[in-house]
Amino acid sequence: MKRTASRTGILAALVGLAVTTLTVVASPAQAAPAEQQAAADAQAVAAYWTPERMRSAIPIEQLVKAPNLSPKDVAKGQSTIIQSIPNGGGAWTGAGKVVQTAGRVFFTMGGRNASCSGDAVTSANGSVVITAGHCVKYQGAWHTNWTFAPGYDNGNTPYGTWAAKSTLTTPQWEASEDMNYDVGAAVVNPLNGQKLTDVVGAQGIAFNQARNQSMYTFGYPAAAPYDGTKLIYCSGSTFTDFLLTKDHGMNCNMTGGSSGGPWFLNFSEATGAGIQASVNSFGYTFLPGYMFGPYFGADVQNLYNKAQAA
């Protein structure tokens with residue numbers, strides 16, 4: 001059966017975890033047990049993700065093999081053939097806000113422990129993490145044991161691990177895994193009575209911005225030559241994908257595991273702060289050294305609004 005560019009079975013950088021939540025108006029008598037259960041669930045996820053499990057988590061891109069297609073195949077419109085997230089860039093040796101808001105994402109997918117990247121953004125509920133759509137859901141299945149480790153550094157989690165109480169994605173990714181909308185979000189539970197962004201701060205987020213600007217991108221690539229222990233970054237001018245998507249493109253070589261890491265406009269190396277406007281999504285196997293990230297338009301803004309209202 002012929003696949004179209006809207007399907008991410010062509011994705012070699014996979015992930016998925018999202019839990020659909022219902023809005024329920026609970027009476028005071030019901031609220032306490034629900035809150036107790038949420039706290040118990042969060043503790044169970046925290047206990048599951050030991051430092052050893054985090055170190056051995058597989059970059060999601062390695063759990064699915066991309067078809068070995070050529071540029072000629074792409075010209076026929078058969079598939080996007082994703083290599084994963086491209087690679088490249090060096091370790092971020094600066095300080096600032098990004099070393100707190102960016103982090104590794106861990107989850108279980110098909111019985112295997114896997115990893116991605118994510119970023120804490122400003123939100124009404126103080127609990128939103130933005131990542132890639134395939135880092136919350138892939139091929140119809142939502143990932144489980146989803147947790148966010150901001151400021152992850154060589155096995156250390158200086159700001160704790162934050163279990164998701166719900167995960168969500170764009171309608172286009174949920175329905176057909178359209179690479180143009182490969183964006184996901186998680187709403188994490190409080191930790192020790194505090195909300196995520198009260199502890200680590202938050203990056204700004206923007207939608208419907210001008211294309212082809214200079215940007216910075218961050219992530220935790222865990223496939224060779226990287227090992228997932230450090231925050232890696234790339235920076236430079238961007239362009240619009242001229243092949244099978246309308247994504248942003250950048251010269252960058254980050255490998256699997258960097259999926260979901262943030263792309264920033266107006267990033268300051270001095271303060272480590274910027275305005276998030278995309279996430280690491282994919283790279284073409286025949287075009288090494290380039291990474292692509294979805295444009296944050298109205299549909300991604302709607303996703304963000306749902307997450308911050310949860």
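Let's start with two cysteines: Cys 116 is buried, and Cys 135 is buried too, where buried means under 20% relative accessible area with a 1.4 Å probe and protein chains only, exposed means over 50%, and partly exposed is in between. Before going on, note that this is a predicted model, where local features need pLDDT of at least 70, side-chain atom pairs count only at pLDDT 80 or more, and totals for chains, interfaces and linings use all residues. Residues are numbered from 1 along each chain as its sequence is written, and side-chain values use heavy atoms, leaving out hydrogens and water.

So what joins Cys 116 to Cys 135? A disulfide does, with 2.2 Å from S to S; the term stands for a pair of cysteine sulfur atoms within 2.5 Å. The torsion about this S-S bond is about -80 degrees, so the disulfide of Cys 116 and Cys 135 is left-handed.

How many disulfides does a search of the whole structure find? It finds 2. In the other pair, Cys 234 and Cys 252 have their sulfur atoms 1.9 Å apart. This link of Cys 234 and Cys 252 is right-handed, with 65 degrees about the S-S bond. Cys 234 counts as buried because its relative accessibility is 4%, and Cys 252 is buried as well, with a relative accessible area of 1%.

Which pairing do we get by numbering the bonded cysteines of the protein chain in sequence order? The answer is 1-2, 3-4.
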